[in-house]
Structures are given as structure tokens and as C-alpha cells.
Amino acid sequence: MDQNSAEHIAALIERIGRLLTVEAHAQGLLPVQWEALRYVHRANRFSRTAAALTAYLGITKGTVSQTLKALQAKGLISKKTSAADRRINQLMLTPSGEALLRHDPLQQTVEALQQQDAALQSELADGLESLLRARLQAQQRRPFGQCRDCRYFAVDHADGSPHFCQLLGEPLAAADAVAICHEQQPLRKVRP
């Protein structure tokens, strides 16, 4: 198989994915539980719901429900009824969940990537983002990009907030700019 062939690249991605899955059986959690914790950590306040997590992971509502129940039973997440819509429960990391994420097994891969030169990191990011966009489009799934890359994102809003979501009509804090959102509509290059 040619080193630059699509089949070879797909096989490399599969193998890296398998390594990540094996590593994700750490701390007594399943890989999907780690993914859910990471999502709750990275998502903005509008996207920390079971429905948004279901869409992000592309798995069934039942699997997400069981995952959230397990994480709640372990004291890693909590749920709070939304003031805006009492039918929606907002997901939040507990202090124990935040502490556990500081020992995320994905960090080993982050460290391996940090050892690569900046040009390679940039090429990898661009290539993988393009591949992810193509796969999401083929499956008609949402991109879940960062607020700052959304067509509804406004900087230095007139209400005095550093940022503003024009779709939801809500002020956004500086930290919201880099959080992922289920409502995100890409304006330019999207980070997953």
C-alpha cells in the first residue's frame, strides 16, 4: 500500500483511534464516558444538554442517557433544570469531574502532537478538519464548531459584552468564543 494512499491514511487514522480507545479505559471509565466529559467541558452553556451531546457523539439517546446516569452516579457531572426551558437539563462538570479531566488519557496524544513541529501540527489540523467536515456533511450532521467561527458571532457588542450570539440574542463571555456550540453555522474554517 502506497504511504500516501487514501487507504493507508484511513488505516493510520483507524489505528490511532484504536490506541485512543484502549487508553480511554482509564480511571474506571468507558471511552464514551470520557468523550461525554470532554464534551461537557468544551461546550458552551447552550450546548451542554443530553440532546446536543447525542448529536455531537452521533449515538443513540439511550446510550447517552445511560452514559450520563453513570457519570452522575460517579459524581462527575450534575444536571440543573434550565431557567429558560424547564424541559431541558443543563449538564455541568462537578469539581470531581474537572479534577478527573486533568488526568485525561487523551493528554498522552496531546503531548505526542506537541512534540511535532508547528508546520506539521498545522497541516494535520487542516487535513483532519477537512476530512471531518466531509464526513459530517456526508452524514448530514452538524459541525459543532467554536463560537468564534460562527456566522452569528459578533465581537464587542453594543450591550458591552465582549461577544454576542446574534442567533440566540445572548451576550457571550470571552471563554464562550472558543467553546463549541450545537447551533454553530460555519463562517470560515471550523475547529471540531
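These notebook entries record what I looked up in a predicted model.

**Conventions**

I worked from a predicted model in which local features need pLDDT of at least 70 and side-chain atom pairs count only at pLDDT 80 or more, while totals for chains, interfaces and linings use all residues. I number residues from 1 along each chain as its sequence is written, and side-chain values use heavy atoms, with hydrogens and water left out.

**Entry 1: helices α3 and α4**

I began with helix α3 (residues 50-57) and helix α4 (residues 61-73), whose axes come within 9 Å and cross at roughly 120°. Helices here are DSSP runs (H or I, at least four residues), strands likewise (E, at least two), and both are numbered from the N terminus. The axes are lines fitted to C-alpha atoms, for helices over the stretch in contact, and angles run from 0 to 180 degrees between N-to-C directions. I noted the crossing of α3 and α4 as right-handed; a crossing is right-handed if the near helix is turned clockwise from the far one by less than a right angle, and left-handed if anticlockwise.

I then listed the residues that meet: Ala50, Leu53 and Thr54 from α3, and Lys61, Val64 and Leu68 from α4. Contact means heavy atoms within 4.5 Å. By class, this contact has four nonpolar residues, one polar and one charged. Nonpolar covers Ala, Val, Leu, Ile, Met, Phe, Trp, Tyr, Cys and Pro; charged covers Asp, Glu, Lys and Arg; the others, Gly among them, are polar.

**Entry 2: the buried side of α3**

I recorded Ala52, Leu53, Thr54 and Leu57 as the buried residues of α3. Buried means under 20% relative accessible area, exposed over 50%, and partly exposed in between (1.4 Å probe, protein chains only). Their cover includes α2 and α4. Just after α3, I found Gly58 with a positive phi of about 70°.

Thr54 received a closer look. Thr54 is buried because its relative accessible area is 14%. Beyond neighbours within four places in sequence, Thr54 is in contact with Ile59, Thr60, Lys61 and Val64. Thr54 and Val64 are ten residues apart in sequence, and their C-alpha atoms lie 6.1 Å apart.

**Entry 3: nonpolar cores**

I looked up the largest nonpolar core, which has 22 residues; Leu29, Trp34, Leu37, Tyr39, Leu53, Leu71 and Ile77 touch the most other members. Such a core is a set of buried Ala, Val, Leu, Ile, Met, Phe, Trp, Tyr and Cys residues joined through side-chain atoms within 4.5 Å. At least two residues of this core come from each of α2 (31-42), α3, α4, β2 (89-93) and α5 (95-101). The largest share, five residues, is supplied by α2. A second, separate core of eight residues includes Phe153, Cys165, Leu172 and Ala177.

Apart from neighbours within four places in sequence, Ile77 contacts Leu37, Leu68, Leu71, Gln72, Leu91, Met92, Leu93 and Thr94. Thr94 sits in the loop between β2 and α5 and counts as buried because its relative accessible area is 14%. Not counting residues up to four places away in sequence, Thr94 touches Gly75, Leu76, Ile77 and Ser78.

**Entry 4: the three-stranded sheet**

I traced an open sheet of three strands, ordered β3-β4-β5 with antiparallel pairing. Two strands pair if DSSP finds at least two bridges between them. The edge strands, β3 (153-155) and β5 (170-172), each pair on one side only. The twist averages 30° from one strand to the next. Strand β4 (residues 163-165) pairs with β5 in the antiparallel sense over three bridges, and Phe164 stands opposite Pro171 in β5.

**Entry 5: the loop between α7 and β3**

Which residues other than glycine have a positive phi in this loop? I noted Gln140, with phi near 55°, and Phe144, with phi of about 55°. Gln140 is placed in the loop between α7 (118-138) and β3, and Phe144 lies in the loop between α7 and β3. Are Gln140 and Phe144 buried or exposed? Gln140 counts as exposed because its relative accessibility is 75%, whereas Phe144 counts as buried because its value is 2%.

Asp149 also lies in the loop between α7 and β3 and is buried because its relative accessibility is 7%. The C-alpha atoms of Asp149 and Ala177 are separated by 8.4 Å, with the two residues 28 apart along the chain. I had listed Ala177 in the second core.
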